[in-house]
Amino acid sequence: MAEKMELNEMEVWDGNMAASQALRQAQVDVVAAYPITPSTPIVQNYGSFLANGYIDGEFVMVESEHAAMSGCVGAAAAGGRVATATSSQGFALMAEVLYQASGMRLPIVLTVVNRALAAPLNVNGDHSDMYLGRDSGWIQLDAFNSQQAYDLTLMAFRIGEDHNVRLPVMVHQDGFITSHTAENVRPLSDDEAYEFVGDYKPMNAMLDLAKPVTYGVQTEEDWHFEHKARQHADLMTKVFGKVEEVFDAFAEKTGRKYNIVEEYLMDDAEVAIVALGTTVETAEMVAKMMREEGIKAGVVAPRLFRPWPYEQIKKALSKVKAVACLDRSSPNGALGALYNEVTASLYQSDNHPVITNYIYGLGGRDFTIDHAKEIFKELDANAKEGRPTTPLQQFVGLRGPKLSFY
Amino acid sequence: MKYLGWDELLPGAILFSFDEEMEKDAAEVLPENRPYAETNSYTAYVGDWRVLKPVYNRDLCIDCQFCWIYCPDVSIISRDKKMIGVDYDHCKGCGICVEVCPTNPKSLLMFEEQVENEKALAQWPEKE
């Protein structure tokens, strides 16, 4: 039996430690992992917990991220609670197996420390890897700081493992800005955390020898479409309610309330930034500052990136006049993903704000208070004119001539 | 097999091997007594994938079970450690059974698919 760890009411943890502690407290049966910057400390801490007797489960060292996720798929199909961690290139190497995991409906928890994708090689944070995962059939939760990385990792098990959901869950945090910044984190005790997550309840486990089952079947044009549709339908209809239920249960236990779409100063906001990750906290700070300048600014942040919360986004932006969608990933030949999703969500709305797109922060480039202020000022002009006063897509914080499109 | 709609499928595209839960480990029950599901490959015929077939010669076989162990598709039928023959519904004709057969001459040999087994046995080679 694993040793229990004495934790203080307030710990000083970075995002990586927060995620490792949540994995330890969830008493994961199998972690198969291959380290990669900046998520290396998640598995490093976990390995040290194991070596020091705080973990009963298995830690499988593998030769690549493809093997890491494959090991997770095998262990999850066998009937265990499973988790791993990765970033960037490792995430990209896992991509093939991510679809296997979700298609087989295996509730693996993947803690992703977001990092740019090469080339050129870069170890710092942006959302390229998170966006790469968006069609993979996983549930994607986004943490904006270390406390949230801890909380959401615990909640991820309870969401994904529910027998009505049975889908793998990614918990994202920003590389370095969250993963390596020590912050105050209020953890649950080991007992409280495990009680919240609950025992793993296997479903159609391969190791049930009385009822053998095949995972990874081949289906062609006669069956494949129905299986994919079933998975999509479950993502669209079964996840939102479960996420809300788990968020509510967590709030009851800790007082920390999460929402599928987070809103800041949106009650009377006329202009809003939609963003993900640590940028949300910067935007919130600046929104408050803009109000002193007479601009009614607010912030909307999808906590759940997949499945995409159309209804909640539509509602959150039902009164604003101008919206900026901030994408921290090179869209490589299109408007940014957030721009596309938000615009699609609002097309059916009674409210049709001016929506513009900003590409920022690639490869860990700083997103400053001044950048956010400039965006809010441009939104204010858009709101007053009732049409875009800037190009639809602009690059922020980029050297060289101003880059913009449409 | 009846085509099901998306809402009738089990999540995960999984297939159960048997229609009912076994009382004991399936390995302890002979294949012909297992309640195979319609979707199990046990009932699927894939013999037409084969170009060459292994023919079994009972007179030479020493029941060493090498072919049974090495067959990658569980297509060697053996009961109580006695060779019975080849499952032509599932054998793909890979020839591994022939390769591992230790007798002289071999107790399993590959023949063209269309050669009848009786004729194949009649032209069996002599001991070398």
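A:Leu398 is partly exposed, with 13 other C-beta atoms within 10 Å. On this scale a residue is buried if 20 or more other C-beta atoms lie within 10 Å of its own, exposed if 12 or fewer, and partly exposed in between, with C-beta atoms placed from the backbone. This is a predicted model, in which local features need pLDDT of at least 70 and side-chain atom pairs count only at pLDDT 80 or more, while totals for chains, interfaces and linings use all residues. Residues are numbered from 1 along each chain as its sequence is written, and chains are lettered from A and ligands numbered from 1 in the order in which they are written.

Back to A:Leu398: you'll find it in the loop between β16 and β17 of chain A. From its C-alpha atom to that of A:Arg166, 232 residues away along the chain, is 42 Å. Helices (H or I, at least four residues) and strands (E, at least two) are DSSP runs, numbered from the N terminus.

Those two strands belong to an open, mixed sheet of seven, ordered β10-β12-β11-β14-β15-β16-β17 in chain A. At the edges sit β10 (261-264) and β17 (404-405), each pairing on one side only; two strands pair if DSSP finds at least two bridges between them. Further in, β15 (354-359) and β16 (393-395) of chain A run parallel and share three bridges, and A:Asn357 has A:Gln393 as its bridge partner in β16(A).

Now for the inside. The largest nonpolar core has 119 residues, and A:Cys72, A:Val169 and A:Ala272 are among those with the most contacts inside it. Such a core is a set of buried Ala, Val, Leu, Ile, Met, Phe, Trp, Tyr and Cys residues joined through C-beta atoms within 7 Å. Helix α6 (146-160) of chain A gives this core its largest share, eight residues. Domain 1 (11-254) and domain 2 (263-405) of chain A each supply at least three residues to this core; the bounds come from an automatic or database domain assignment. Leaving aside neighbours within four places in sequence, A:Ala272 is in contact (C-beta atoms, placed from the backbone, within 7 Å) with residues including A:Met266, A:Val300 and A:Leu317. Apart from that core lies another, of 12 residues, with B:Cys67, B:Ile76, B:Cys91 and B:Leu109 among them.

Helix α7 (190-197) of chain A has A:Ala193, A:Phe196 and A:Val197 buried. They are on the same side of α7(A) because they cover an arc of only 95° around the axis, going by the directions from the helix axis to the C-beta atoms. What do they pack against? The buried residues of α7(A) meet α1 (15-25), α6 and α9 (239-254) of chain A. The face turned away from the buried side carries the exposed A:Asp191 and A:Glu195. After the helix comes A:Gly198, with a positive phi near 85°.

Chain B has three helices and five strands, running β-β-α-β-β-α-β-α along the sequence. Here are its figures:

| Chain B property | Value |
|---|---|
| Radius of gyration over C-alpha atoms | 18 Å |
| C-alpha span along principal axes | about 60 × 30 × 20 Å |
| Buried share of the 128 residues | 16% |

A compact globule of 128 residues would have a radius of gyration near 14 Å, by the rule of 2.2 Å times the number of residues to the power 0.38. The domains of chain B are domain 1 (1-44) and domain 2 (46-128).

Key:
Two residues are in contact if their C-beta atoms, placed from the backbone, lie within 7 Å.
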